[in-house]
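Visitor: I am new to this structure. Please take one part and go through it closely with me.

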Amino acid sequence: MKIVKIDQFFPRPRMRLVKITTDNGLVGWGESTLENKPRSTMAAVEELADYLIGKDPLRIEHHWQHIYRSAFFRGGNVLMSALSGLDQALWDISGKHYGVPVYKLLGGAVRDRVRVYAHWGINDLSDEGLAKSKDRLTYLQKTGGYSAFKAGPAGKWRAHEPPARIDQFVKCAYLMREWVGPEVEIAFDFHGKMTPALAIEICHEIKGMRPMFVEEPVPQDNVDAMKLVSDHVPFPIATGERLLSRWEFRQVFEKQAVAYIQPDGSHAGGISELKRIANMAEVYYIHIMPHCAIGPVALSACMHVDAAVPNFLIQESVGPDWLTGIAQPAWQIVNGFIELPTVPGLGFEIDEKEAAKPAPYTEELGGEHFYESDGSVADW
Ligand SMILES: [Mg+2]
């Protein structure tokens with residue numbers, strides 16, 4: 001079996017799909033979306049396609065090593081996202097070739113279903129804001145039966161903020177707890193927007209509502225700063241959606257900088273590397289909660305690893321509304337869990353006609369930008 005064609009699709013701002021076709025008609029799909037940099041991975045996939053055409057798609061590890069190691073410059077979010085999408089598509093082909101879901105090729109399922117959380121929160125305490133938030137909570141509980149949610153403090157955060165700003169966020173956090181009760185888990189994503197001092201201060205203000213974890217309290221690229229926050233906060237801290245490959249996670253593990261990691265199946269090196277990162281984390285009693293704020297193909301890829309590794313805690317998903325349309329998964333979210341698919345491959349059908357309708361390139365695809373009141377750049 002040989003790879004004969006690699007096509008790319010860009011149907012939504014946050015959905016860049018790759019399709020690998022073999023000479024015997026098998027097709028594998030992967031997602032190489034890089035949020036806010038939609039054109040960059042396209043060029044990288046094109047370059048890597050030159051290498052993959054004519055190769056045996058079942059030699060996944062060999063191709064992973066070639067793409068990662070053989071061209072001298074390694075890593076970076078563009079190359080790793082391109083590699084991730086291609087790796088997922090190769091696993092999809094392997095599953096279809098051997099007639100099994102991908103998790104069976106990863107050692108088999110260690111659990112019967114995979115727990116997921118959705119994005120929900122209260123950011124706006126006006127009557128209208130609260131009504132909107134209530135509606136989304138009801139929708140998520142009805143459609144997916146979720147029992148865990150994640151919210152973020154909205155907008156930009158300076159090195160320090162006046163009490164009113166902090167109090168507003170703290171009030172929202174306690175109100176969320178009041179609405180859902182003590183059986184439901186609530187996490188917060190600080191989006192790496194804070195300094196260690198501010199993050200620690202805010203974490204102490206919200207500790208009474210018992211968060212499940214706080215994610216990226218500070219940016220991901222200084223492991224010591226992350227550990228400083230962890231050491232001063234009495235609940236779990238998480239990081240990892242912007243860390244790529246085992247090499248970037250190594251220090252997080254060795255310093256025991258966080259309780260949970262969040263590698264992204266479409267950025268960290270695909271299914272192959274996500275599994276290896278999870279296995280490495282197991283040694284440090286660190287659980288994985290794979291990041292996924294893009295499409296259902298990426299979510300499927302994460303889910304197969306979640307099914308096959310012991311140190312999995314929970315899977316991120318935006319919500320059921322992100323699962324419809326272009327890709328129809330062969331799995332469902334029931335009572336807050338993904339029921340493992342039994343179909344060969346990654347387990348979804350792509351509506352190729354829909355996928356072929358390109359998303360218009362607009363400036364918004366480059367992401368929102370934040371500036372301080374003095375005109376200086378604030379973190380996203
Ligand atoms: Mg995040």
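Visitor: Is G208 buried or exposed, and why?

Guide: This is a predicted model. G208 is exposed, because its count of other C-beta atoms within 10 Å is 11, and a residue counts as exposed at 12 or fewer. Its place in the chain comes next. G208 sits in the loop between α7 (196-206) and β7 (214-215).

Step back to the whole protein. Its secondary structure comes to 12 helices and 17 strands. Along the principal axes, its C-alpha atoms fill a box of roughly 65 × 45 × 45 Å. The radius of gyration is 20 Å. That agrees with a compact globule, because one of 380 residues would have a radius of gyration near 21 Å. Of the 380 residues, 46% count as buried. Contacts also reach across the sequence. Take those with a separation of 6 or more: 72% of them join residues 24 or more positions apart.

Next, the domains. The domain assignment gives domain 1 (3-100) and domain 2 (104-346). Their centres, taken over C-alpha atoms, are separated by 26 Å. Domain 1 puts 30 residues into the contact, and domain 2 puts in 22 residues. Look at the side of domain 1 that touches domain 2. At least two residues of that side come from each of β2 (15-22), β3 (27-31), α2 (60-69) and α3 (77-98). The most come from α3, with 14 residues. By type, the residues of this side of domain 1 divide into 11 nonpolar, 12 polar and 7 charged.

The largest nonpolar core has 107 residues. L86 and I261 have the most contacts inside the core. Set aside its neighbours within four places in sequence. I261 is then in contact with A238, T239, G240, F249, V252, A281, I286 and I288.

How values were computed:
Residues are numbered from 1 along each chain as its sequence is written. This is a predicted model: local features need pLDDT of at least 70, side-chain atom pairs count only at pLDDT 80 or more; totals for chains, interfaces and linings use all residues. Domain bounds come from an automatic or database domain assignment. Two residues are in contact if their C-beta atoms, placed from the backbone, lie within 7 Å. Helices (H or I, at least four residues) and strands (E, at least two) are DSSP runs, numbered from the N terminus. Ala, Val, Leu, Ile, Met, Phe, Trp, Tyr, Cys and Pro count as nonpolar, Asp, Glu, Lys and Arg as charged, and the others, Gly among them, as polar. A residue is buried if 20 or more other C-beta atoms lie within 10 Å of its own, exposed if 12 or fewer, and partly exposed in between; C-beta atoms are placed from the backbone. The radius of gyration is taken over C-alpha atoms; the globule rule is 2.2 Å times the number of residues to the power 0.38. A nonpolar core is a set of buried Ala, Val, Leu, Ile, Met, Phe, Trp, Tyr and Cys residues joined through C-beta atoms within 7 Å.
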